[in-house]
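Student: I have a structure open and would like to go through it. Can we start with a turn and then move on to the ligand?

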Amino acid sequence: MSGPQKLFKPVPPGGTIGIIGGGQLGRMLAMAAARLGLQTCIYNDAPDAPAFQVTEQSMDAPYDDLDMLASFAEVCDAVTFEFENLPAHAIAHLAERVWVAPGAHALAMTQDRLTEKTFVEKLGLKTAPFFEVSSVAQAREAFGKLNGKGILKTRRFGYDGKGQAKVASADDAAKAFESFKGAPAILEGFVDFSFEASVVAARAADGQFAAYDPPENAHEHHILRRSTVPSRLTGAQVEEAKAIAKKIGDALEYVGVFAVELFVGFDGALLVNEIAPRVHNTGHWTIEACACSQFEQHIRAVAGWPLGDPARHADAVMENIIGAEADAWEALARSGALHLYGKRESRPGRKMGHVTRLKPLTKS
Ligand code: AMP
C-alpha cells in the first residue's frame, strides 16, 4: 500500500469523516454517514453549499489553502472527496496528516484523460482509439489516424461535456484545439455504440470488492438524464463489466466507491470511457433499490468498515431533475422517491435533484 495507508485505522461510530466538496454528492455522503453514527465535516470553496445544510461541521475556504486544509485534517479521522479535481499538492498536504481515501495515486491517474486511458489500455481493457494532442499539428496528424469522426477532449477538468468538441475533419480538429486555448487534449475516435452503461463498485483497504448491477444510462445535452436497472446487458456482460471494475480497483489499490463508464458496442464489446474516482450520478438508484447504497458503501470503505451488500432488491429507474424541472416538485413527489438537493438557485443544466421509481425485481 502506498502513502497515507500507514495512517489508516478504522473510524468507530462518533468519529468524523471529512468530505471535500459540498455539492449533492457530499450531501448524500453526509446523510449516509449520519445513519452509521458517524459525524462529517464538509470542506467547500464557497459558502451556501448543499451539503452544509445537513452537517454540523463545515469549512469554507479555497481548495489550495494549505493552512485551512491542515486545520480540516485536525478535526477529521479520515478524509474523502466528492469530486476529483483537487490540486495534487493539496492532496499530498492532507495525506501527510490524515488517512485520505481514495489516495493521491488514484486521483492523479483519473484526473488526466491521457494517463487514465493509457492505464486502462495497459490493463488489457478496451477503449476508443485515442491520441495525445498538444499542438495544432498533432491535432491534424491524430485526425488522420481516425476513421473520419472523433471527439477532441481536454485532458483535465472536463465534465458534463465541457471541454469537448466533435470533429469531422483535420481542420475541425485544429480549430477545436485552438478553441481550448492551448490546453493539452486527447483526440478520441468516435464510438458508434449501442448504449452506455456504468459499473459503480467499491473496494475496501483489505481488498474486499463489491459491485452494483450496472445501469444503462441515457444522456441529453451531455448531462445524465436517466439510469435504468436492469440494463440491456446480458448476464455475461454484467459479469464482464464487474470484472473490469475489479481489475481497475485492484490496480489502483483503490479505497472507496468509484464508477467505470462503458460504451456497449453493437458487437457486444465493452469499452471503458471514463473512471470516476467517487460516488456517481449513475449510482443514485442504489439508495432505494439496495440494502446498502453507494453513499453508505463509500463511507464504510473510507472509515475502514466491512463493505455492505450491493445486491439489488428491486428494478429501478432514476431520473435527474434539471434546472426548472424542479418547479414541478409536487408532481415529482407523487411520482417516486424524490430527492432535492437544497440548491437555492435553479439554472439551466444544473442538477437540482433526482427521482427514483422502483418496480418489482425482474432479473438479477
Ligand atoms: P465523457 O466526458 O468522456 O464522459 O463524455 C461525455 C459523453 O460524450 C459520453 O457519455 C458519450 O455520450 C459521449 N462520448 C464521449 N466520448 C465519446 C466517443 N469516443 N465516442 C462517442 N461518444 C462519446
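Student: Which residue in the turn between E11 and E12 has a positive phi?
Tutor: His221, with a phi of about 50°. E11 and E12 form a hairpin with two residues between them. Strands here are DSSP runs of at least two residues, numbered from the N terminus.

Student: Before I go on, what kind of model is this?
Tutor: This is a predicted model, where local features need pLDDT of at least 70, side-chain atom pairs count only at pLDDT 80 or more, and totals for chains, interfaces and linings use all residues. Residues are numbered from 1 along each chain as its sequence is written, and side-chain values use heavy atoms, with hydrogens and water left out.

Student: Ok, how many bridges join E11 to E12?
Tutor: Five, and the two strands run antiparallel. Two strands pair if DSSP finds at least two bridges between them.

Student: What stands opposite Arg226 in E15?
Tutor: Glu319. E12 and E15, residues 314-322, pair in the antiparallel sense over four bridges.

Student: Is E12 mostly covered or exposed?
Tutor: Mostly covered: five of its seven residues are buried, meaning under 20% relative accessible area with a 1.4 Å probe, protein chains only.

Student: New topic. Which side chain has a polar atom 2.5 Å from an oxygen atom of the ligand?
Tutor: That of Glu196. For Gln164, the distance to a ligand oxygen is 2.6 Å. A polar contact is a pair of N or O atoms within 3.5 Å.

Terms used. A polar contact is a pair of N or O atoms within 3.5 Å; within protein, one must be able to donate a hydrogen and the other to accept it, and residues adjacent in sequence count only if both atoms are side-chain atoms. Buried means under 20% relative accessible area, exposed over 50%, partly exposed in between (1.4 Å probe, protein chains only).
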